[in-house]
Amino acid sequence: MLKFLDRLEEWMIACLMGAATLITFVAVLHRYGSGIPALQPYLAHINLAWAQELTVYLFVWMAKFGAAYGVRTGIHVGVDVLINRLPDKTRGRFIVFGLLAGALFTGAVAVMGGDFVWNIAHTDQTSPDLEAPMWLVYLAIPAGSTLMCFRFLQVAWNFVKTGNLPKHDHGHVDGIEGDDTLDNLHPHDMHHGGRP
């Protein structure tokens, strides 16, 4: 079930990003193509005024689900130079506290966002260009925050059970070997004496 959720999350992010990129590309081609006299008769009747609005909404949805993906994979950068210097037991407590605080915050945002979406769904408010119901646009807040809260709890549970945190090497370049002891961007796991 978790593997399915992981793949769904990744596909959703990729599809949202791809759609936003494609729509922006087509809108730019249309804008510049409309200025060419030979193409103007063919492009003048095509209205792409909605493209910018849709692109913004797609990126909002992508960012909310991308943030949850970041928690799951350890992409988010944290300032924890002091935490990495603490003894293992104390460091572990700080890490669990930070993860649970993240879950509490994103859970609160999900609940308040859900209430906001529920209230706005009972209005006739629509977006300016697409005329889409605004509750559909704002649904990204509770949906993405719920997933992010789940990811914080998932990482916390895994850390308590195994002492491991998800790691992502921001400076990794395929084919180049590096010094793994220089990672000061993330709290270190508990299995290697505080070292990655």
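This is a predicted model: local features need pLDDT of at least 70, side-chain atom pairs count only at pLDDT 80 or more; totals for chains, interfaces and linings use all residues.

**Entry 1: overall fold**

I started with contacts, meaning heavy atoms within 4.5 Å. In the protein chain, of the contacts between residues at least 6 apart in sequence, 75% join residues at least 24 apart.

Residues are numbered from 1 along each chain as its sequence is written, and side-chain values use heavy atoms, with hydrogens and water left out.

Next I checked the secondary structure, taken as DSSP runs numbered from the N terminus (helices are H or I, at least four residues; strands are E, at least two). I found seven helices and zero strands in the protein chain. Along the sequence that reads α-α-α-α-α-α-α.

**Entry 2: inside and outside**

I took buried as under 20% relative accessible area, exposed as over 50%, and partly exposed as in between, with a 1.4 Å probe and protein chains only. By that, 32% of the 196 residues in the protein chain are buried.

For the surface I used Shrake-Rupley areas with a 1.4 Å probe, where for residues only the protein chains shown count as cover. The protein chain exposes about 12,700 Å², and carbon and sulfur atoms supply 69% of that.

**Entry 3: the core**

Which residues touch the most other members of the largest nonpolar core? A nonpolar core here is a set of buried Ala, Val, Leu, Ile, Met, Phe, Trp, Tyr and Cys residues joined through side-chain atoms within 4.5 Å. The largest one has 25 residues, and Leu99, Met148, Phe152 and Leu165 touch the most other members. At least two residues of this core come from each of helix H1 (2-33), helix H3 (51-73), helix H5 (88-121) and helix H7 (140-162).

I zoomed in on Met148. Setting aside residues up to four places away in sequence, Met148 touches Ala67, Ala68, Val71, His76 and Thr106.

**Entry 4: helix H5**

H5 has 34 residues and reaches 48 Å from its first C-alpha to its last. That is close to the 50 Å expected at 1.5 Å a residue, the expected span being 1.5 Å times one less than the number of residues.

I then listed buried residues in H5; among them are Arg91, Gly92, Ile95, Leu99, Gly102 and Thr106. The buried residues of H5 pack against helix H4 (81-84), helix H6 (134-138) and H7.

Past H5, I stopped at Glu131, in the loop between H5 and H6. Glu131 is exposed, at 59% relative accessible area. From Glu131 to Trp50 it's 81 residues in sequence and 9.2 Å in space, C-alpha to C-alpha.

**Entry 5: salt bridges**

I counted a salt bridge when a side-chain nitrogen of Lys or Arg is within 4 Å of a carboxyl oxygen of Asp or Glu. That gives seven salt bridges.

Asp6 pairs with Arg72, the closest N and O atoms being 3.5 Å apart. This pair links distant parts of the chain, with Asp6 in helix H1 and Arg72 in helix H3, 66 residues apart. Are these two buried or exposed? Both Asp6 and Arg72 are buried, with Arg72 at a relative accessible area of 15%.

Glu10 also bridges to Arg72, at 2.9 Å from N to O. Glu10 lies in helix H1 and Arg72 in helix H3, so this pair ties together parts that are 62 residues apart in sequence.

Glu10 has a salt bridge with Arg7 as well, their closest N and O atoms being 2.8 Å apart. Glu10 and Arg7 both lie in helix H1, three residues apart, about one turn of the helix. Glu10 is partly exposed at 27% relative accessibility, and Arg7 is partly exposed at 43%.

Putting the bridges together, I found Asp6, Arg7, Glu9, Glu10, Arg72 and Arg151 linked in a network.

**Entry 6: one more buried spot**

Last stop was Thr55, in helix H3. Thr55 is buried, with a relative accessible area of 10%. Leaving aside neighbours within four places in sequence, Thr55 is in contact with Ala20, Ile23 and Thr24.
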